[in-house]
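Open the model in your viewer and get the selection tool ready.

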Amino acid sequence: MHYTADRFGDTVLGQYERRRRVSEGQVFAHEAREERDAVALGHPEFEGLDIGQKRTVQMTAMFIDLRDFTGRSFWDPQDQVADLAHAILAGFIETVLRHGGYPLGLRGDGLFAGFGPGDPRVGASFGLAAGAFALNAIDKNVNPRLEQRGIRPVQARAGLDFGDITFVRTGSPGHSEINPVGFAANFAAKCEKQAKSWEIVTGENLANLFPGASPFTKVYPPKTYTRDHHTERYHFHDYRWRGTLTHSESLIEELAGRPVSAVSIG
């Protein structure tokens, strides 16, 4: 079945209405309970790491979240806010999986995801496509359906970068989790904070995978890092994502459920 903005909207609205029925006592929680995997989120290639063990790979990291959700949580009932965040995060997770990536963790009203390892340009392309798909689906499908229900629309944004990410199991025996760390993940989070609503911002390493590509525009001023009187500059890039939407559905069909690590540019 095609994965479209309508399907994304069906997931979000379906999850929202299901959770509202539970919150309002119309159905019991156990009646609405869905099956869950033993490992909810993460990257299967690194689940076997022991505590303190680590592996470093190159991949594209993406943070996608809802903007101005703090303001919504100030005004609206808490259970309604939580149900809406839950519903949209379900849509984000489905989008990442459909684009061959891995949802690595939830961060409040946002999702941290990884695309790779494998061909860097493939992972980056599908990461960008996933972000563009989700933002468009919220704007064009989810928000009109929320407004029909008398619910204020939401705003979304995304940040991505490419580079080394180290997966390390952190914790103690019986209480541990895989923690992906590294500059690419950290800067992808900064890109997400740099982005305004309906914007995708990338780091310099990701933009450099596509030299001269028209959708990328260098943003000034750059982020600077200084140590021992030496300063390096690292640029944000604005990614004009709307022009790439026409390719999104065909990319998903070509991927056919495989992870991006299984795809290479011949």
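Buried means under 20% relative accessible area. Keep that cut-off in mind; the model is a predicted one.

Stop 1: Select Asp-65 and Arg-157. Their side chains meet in a salt bridge, 3.0 Å from N to O. The pair links distant parts of the chain: Asp-65 sits in strand β1 (residues 54-67), Arg-157 in strand β4 (residues 155-172), and 92 residues separate them. Now colour by accessibility. Asp-65 has a relative accessible area of 6%, so it is buried. Arg-157, at 9%, is buried too.

**Stop 2: the neighbouring charges.** Glu-192 has 4%, so it counts as buried. Keep all four residues displayed: salt bridges that share partners join Asp-65, Arg-157, Glu-192 and Lys-193 into one network.

Stop 3: Clear the selection, then pick Arg-145 and Asp-10. Here the side chains meet in a salt bridge at 3.1 Å, N to O. This pair also links distant parts of the chain, with Arg-145 in helix α5 (residues 120-148) and Asp-10 in helix α1 (residues 5-23), 135 residues apart. Arg-145 is at 21% relative accessibility, so it counts as partly exposed. Asp-10, at 41%, counts as partly exposed as well.

**Last step.** How many does it hold? The count is 10.

Note on methods: Residues are numbered from 1 along each chain as its sequence is written. This is a predicted model: local features need pLDDT of at least 70, side-chain atom pairs count only at pLDDT 80 or more; totals for chains, interfaces and linings use all residues. Side-chain values use heavy atoms; hydrogens and water are left out. Helices (H or I, at least four residues) and strands (E, at least two) are DSSP runs, numbered from the N terminus. Buried means under 20% relative accessible area, exposed over 50%, partly exposed in between (1.4 Å probe, protein chains only).
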